[in-house]
Amino acid sequence: MSSSAVDADGGALQSLLPLLKSCKVSSVLNSNGAEYGKKFMLDGDHQTCWNSEQGKPQHVALKFSEPVDVVQVQVMFQGGFVGLPCVFYSDVAGDDDDEEKQQQQQEQKSKKKNKKKNKDELYRVTTWEPEDGNSMQTFTMPKAAFHRCRGVKKLRLVFEDSTDFFGRVTVYKLDVLGRVHA
């Protein structure tokens, strides 16, 4: 898969999938990973897909081998099975999180048993409303949210609902564009 694009400043963007360490999904239709598993939304083949089981919400969790700057996310859904809204989370806390950080620090102090930082802690980045259709859709992270998209090692896409009555989501292609964090 060789997606490339240019950001607002004219810098070249690259697919960050080669830096993907792991991908986890909330569910797989009928637990049939051989036909509908997560690998199929990342393989670049428009004939294969990840298909979730029914239920809400559904999610895709990506973990990168090194910090990256996420600029765009591209998704090709199956019309009628579109996850929306799509809420993005990352492991990077932004500067506007001072109050949130203080509250979390208080909670951590009260838990003397757990002296390590919670490695699974994620922060809300932004929300995207994809269209209900079959075409490739590109979402560019807004500048106001970019502070949470720099130096990311974990990115989670949460589909809070679906255009499918049963809450299923079908993704034929997923790509994350950006660059290695400097």
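Okay, let's start with a term: a salt bridge is a side-chain nitrogen of Lys or Arg within 4 Å of a carboxyl oxygen of Asp or Glu. Search the whole structure with that in mind and you get three of them.

Before I walk through them, some housekeeping. What we have here is a predicted model, where local features need pLDDT of at least 70 and side-chain atom pairs count only at pLDDT 80 or more, while totals for chains, interfaces and linings use all residues. Residues are numbered from 1 along each chain as its sequence is written, and side-chain values use heavy atoms, with hydrogens and water left out.

I'll also talk about burial, so here's the scale: buried is under 20% relative accessible area, exposed is over 50%, and partly exposed is in between, using a 1.4 Å probe and protein chains only. And when I say helix or strand, I mean DSSP runs numbered from the N terminus: helices are H or I with at least four residues, strands are E with at least two.

Lys-56 and Asp-161 meet through their side chains, at 3.0 Å from N to O. Where do Lys-56 and Asp-161 sit in the chain? Lys-56 is in the loop between β4 (50-51) and β5 (58-77), and Asp-161 is in the loop between β9 (152-159) and β10 (170-180), so to speak distant parts of the chain, 105 residues apart. Lys-56 is partly exposed at 48%, and Asp-161 is partly exposed at 31%.

Next, Asp-69 pairs up with Arg-150, with 3.9 Å between the closest N and O atoms. Asp-69 belongs to strand β5 and Arg-150 to the loop between β8 (136-140) and β9, so this bridge ties together parts that are 81 residues apart in sequence. Is Asp-69 buried or exposed? With a relative accessibility of 4%, Asp-69 is buried, whereas Arg-150 is partly exposed at 40%.

Then there's Arg-168 with Asp-164, at 2.8 Å from N to O. Here Asp-164 is buried at 9%, and Arg-168 is partly exposed at 23%.

Now for the backbone. Most residues other than glycine have a negative phi, and most peptide bonds are trans.

Lys-56 comes back here: its peptide bond to Pro-57 is cis, with omega near -5°. Leu-84 and Pro-85 are also joined by a cis peptide bond, with omega about -10°, and Pro-85 lies in the loop between β5 and β6 (86-90).

For positive phi, look at Asn-30, where the value is near 55°. Asn-30 sits in the loop between β3 (20-25) and α1 (33-36) and is exposed at 58%. Ser-31 also has a phi near 55°, and Ser-31 is exposed at 68%.

Last topic: aromatics. Rings of Phe, Tyr and Trp (its six-membered ring) pair if their centres lie within 6.5 Å; planes under 30 degrees apart are stacked, over 60 edge-to-face, and the rest tilted. How many aromatic pairs does the structure hold? Five. One of them is Phe-77 with Phe-159, edge-to-face, 5.8 Å centre to centre with 80° between the planes. Phe-77 is in strand β5 and Phe-159 in strand β9, so that pair ties together parts 82 residues apart in sequence. Both of these Phe residues, Phe-77 and Phe-159, are buried.

Phe-165 and Phe-166 are edge-to-face too, at 5.2 Å and 85°. Phe-165 is exposed at 73%, and Phe-166 is partly exposed at 43%. And finally, ring pairs link Phe-88, Trp-128 and Phe-139 into a cluster.
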